[in-house]
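Keep the 3D view open as you read.

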Amino acid sequence: MGHPNRRDLGLLVLRVGTGAVLAAHGTQKLLGWFGGGGIEGTTKAMEAMGFHPGRESAIAAGLGEAGGGALLALGLATPAAGAAAAGAMAGAVAVHAPAGFFAAAGGYEYPAFLGFTAAAIGITGAGRYSLDHATGHVLDRPWVVVTAFLGTAIAAAAVVNRRAQDQASPDPEPNSEPA
């Protein structure tokens with residue numbers, strides 16, 4: 001195999017680190033691991049944050065993070081993995097945006113960083129030390145990059161816009177009966 005390529009080693013470290021963080025975060029949502037709420041707790045949290053339907057939103061966020069993260073770490077279907085993780089982080093950014101940028105104030109700094117990192121890996125590719133490379137890049141073609149990121153961008157925009165519209169519309173007034 002020759003001398004290790006620093007770029008490929010760097011991509012391996014970045015992929016595994018980012019993928020592991022995302023996978024752990026997603027398993028909190030899906031399975032309740034690492035102190036997470038599992039599907040039921042995440043469903044309630046999603047509803048409270050304005051994502052409807054809550055259960056489907058919880059599953060989508062959990063799969064985007066856990067599945068996208070695991071695939072990033074493995075370097076398999078890297079464009080789809082990066083797009084899925086970036087899309088999930090777009091929803092998290094929307095939730096944290098009212099608090100500003102910095103995480104210390106509850107802002108979107110951390111999910112934005114994870115999303116940009118996942119997207120960059122998805123666009124760049126997994127490198128030589130990956131399952132994509134071992135499989136001849138059958139799931140890492142230019143059309144996969146375009147399709148995955150375009151589909152994710154459309155889906156994330158729809159979800160974030162629906163949430164924003166729901167939050168902007170006034171709550172219906174409770175039924176009042178004449179006295």
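## Rings

At 59% relative accessibility, Phe-34 counts as exposed (buried is under 20% relative accessible area, exposed is over 50%, and partly exposed is in between, using a 1.4 Å probe and protein chains only). Phe-101 and Phe-102 make an edge-to-face aromatic pair, 4.9 Å from centre to centre with 80 degrees between the planes. Rings of Phe, Tyr and Trp (its six-membered ring) pair if their centres lie within 6.5 Å; planes under 30 degrees apart are stacked, over 60 edge-to-face, and the rest tilted. Phe-101 is partly exposed at 39%, while Phe-102 is exposed at 54%.

Ring pairs also join Phe-101, Phe-102 and Tyr-108 into a cluster. In total there are 3 aromatic pairs. For Trp-33 and Phe-34, the ring centres are 6.3 Å apart and the planes sit at 85 degrees, so this pair is edge-to-face. Trp-33 is partly exposed, with a relative accessible area of 48%.

## A word on the model

This is a predicted model, so local features need pLDDT of at least 70 and side-chain atom pairs count only at pLDDT 80 or more, while totals for chains, interfaces and linings use all residues. Residues are numbered from 1 along each chain as its sequence is written, and side-chain values use heavy atoms, with hydrogens and water left out.

## Charges that pair up

Side chains of opposite charge can pair when their charged atoms come close. The count here is 3 salt bridges (a side-chain nitrogen of Lys or Arg within 4 Å of a carboxyl oxygen of Asp or Glu). Take Asp-8 and Arg-128, whose closest N and O atoms are 3.2 Å apart. That pair links distant parts of the chain, 120 residues apart: Asp-8 is in helix α1 (residues 6–31), and Arg-128 is in the loop between α5 (109–124) and α6 (131–134). (Helices are DSSP runs of H or I with at least four residues, strands are E runs of at least two, and both are numbered from the N terminus.) Asp-8 is buried at 10%, whereas Arg-128 is partly exposed at 26%.

Glu-65 bridges to Lys-29, with 3.1 Å between the closest N and O atoms. Here helix α3 (residues 54–74) holds Glu-65 and helix α1 holds Lys-29, 36 residues apart. Both Glu-65 and Lys-29 are buried. Then there's Arg-55 with Glu-40, at 2.9 Å; Arg-55 is partly exposed at 40% and Glu-40 is exposed at 51%.

## A charge without a bridge

Which residue is buried yet has no salt bridge? It's Arg-163, and the nearest side chain of opposite charge, Asp-166, is 8.4 Å away (Lys and Arg count as positive, Asp and Glu as negative, and His and the chain ends are not counted). Arg-163 lies in helix α7 (residues 142–168). Leaving out residues up to four places away in sequence, Arg-163 touches Met-49, Gly-50, Phe-51, Ala-94 and Val-95 (contact means heavy atoms within 4.5 Å).

## The largest pocket

The largest pocket has a volume of about 790 Å³. Of its 40 lining residues, the closest to the centre are Met-46, Ala-61, Ala-88, Gly-91 and Ala-92. Helix α4 gives the most to the lining, with 9 residues. On a 1 Å grid over the protein atoms alone, a pocket is an open set of points where a 1.4 Å probe fits, with protein on both sides within 12 Å along at least five of seven lines; lining residues have an atom within 4 Å of a point. The volume is the space filled by probe spheres set on the points, which are joined across faces, edges and corners.
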